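User: Please take a close look at one part of this model, the sheet, and then say what can be said about a helix elsewhere in the chain.

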Amino acid sequence: MSTTLRKYDVFLSFRGIDTRRSFISFFYKELDQSNIRTFKDDKDLESGDRISPELIRAIEESRFAVVVVSVNYTASPWCLEELVKIMDLEKEKKIKVMPIFYGVNPSDVRWQIGAVAEHFEKHKDRYVPEKVRSWIQALENLASISGNCSCEWEDDSKMVDEITDKISKKLMIGKPKRSGSKLVEIERHMKNIRRKLDLNSNKSVRVLGIWARGSNCRSALAKFVYDNISQHFQSHCFLESMKRVSQDRHMSHLRDEFLGKIQGENRRVLLVVDDVNKLEQLDALADDFNNFGQGSIVIITTQDKQLLNSAKIDLVYEVELLRFKNVRKLFRQVAFNERVESVLFKATKWLGYLCGESGYEKV
């Protein structure tokens, strides 16, 4: 199976002189710590520079654009050009836009009044009418999208937490909510595994072992991780029940199936190999790991710790206890109230047999 690769989860559009060393610095750090791959332009454009091809590619390769409209945002023709590109993609439903009005009133932006009007009076003297109209239209479209306004928050940290949680949920990263909310144990494991995987890394192939005694637990967790992160890879493959499959088919057939799904060399690949119980099963696949591109990840699940040691897999996540309380009820409630994406509904299927009648399983 192959997917269109989005290099970034979030593209940050902002005016450097207003927010780079303050709000944006803090916001970017929170996104990065949440394993949300974010593009932040670290160069201030000089007078006469155009929006660079690099910036255009970054916008096109992002799933979300967070546009931070600050006091001097509309004074910058380059910020406005950036916004036009973002809103064009939003109109084509190729990117989701989240506005943040930082120190400005959204109505001032929408109707070009106050400081925004002053900025556009200068633009009209310097640029052709068609360009100015495109900037005004982009601003009006942006202001029509429900966003966050800094004046509605007691401090920036709470606003940043709220926005980061919202993006995480839309990306299905599964970042746990703050204390007092209902948590499903799998979210905690998901967060810990993402931290070990470091999806922002472009290093060579990394191999993670997931060890747990209960096969149902391993499979459910592995499948949940796979469905949550597979969109970050050019190719991805989930080889399930290796223990059972290797008894029924020759390993060379399994390798051919795997290579057929990966589709080509030097691609960023996610491979999950579930329920491994023999070193030979890994050996049959390992030679092909060298053909994977930078940033590729291989996840191995097993109940045999010694197998991971023998395979020289140093990065291991041990699941000692996995408890799910009222999972079906909770997931239905979340789906009804928050209209979560379909993967959340899929999770109930895996967790149903994992929970059993008792509502939890020790592993």
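Analyst: In this predicted model, 5 strands form an open sheet, arranged in the order E7-E8-E9-E6-E10, and their pairing is parallel. The edges are taken by strand E7 (235-239) and strand E10 (315-318), each of which has a single partner strand, so one side of each is left without a neighbour in the sheet. Neighbouring strands of this sheet are turned against each other by 15° on average, with direction ignored. Within the sheet, strand E8 (residues 269-273) and strand E9 (residues 297-302) run parallel and are joined by 4 bridges; valine 272 stands opposite isoleucine 299 in E9.

Turning to the helix, H2 spans residues 23-33, and its buried residues are Phe23, Ile24, Phe27, Glu30 and Leu31. These residues cover an arc of only 130° around the axis, which puts them on the same side of H2. The face of H2 turned away from the buried side carries the exposed residues Lys29 and Gln33.

As for what the buried residues of H2 pack against, the partners are strand E1 (8-13), helix H1 (16-19), strand E2 (38-39), strand E3 (62-69), strand E4 (96-101) and helix H8 (156-171). Just after H2, asparagine 35 takes a positive phi of about 60°.

How values were computed
Residues numbered from 1 in each chain as written. Predicted model: local features only at pLDDT ≥ 70, side-chain atom pairs only at ≥ 80, totals over all residues. Heavy atoms only, no water. Buried < 20%, exposed > 50% of the residue type's maximum accessible area, 1.4 Å probe, protein only. Helix = DSSP H or I, 4+ residues; strand = E, 2+ residues; numbered from the N terminus. Arc of directions from axis to C-beta. Contact = heavy atoms within 4.5 Å. Pairing = 2+ DSSP bridges. Axes fitted to C-alpha atoms, helices over the stretch in contact; angles between N-to-C directions.
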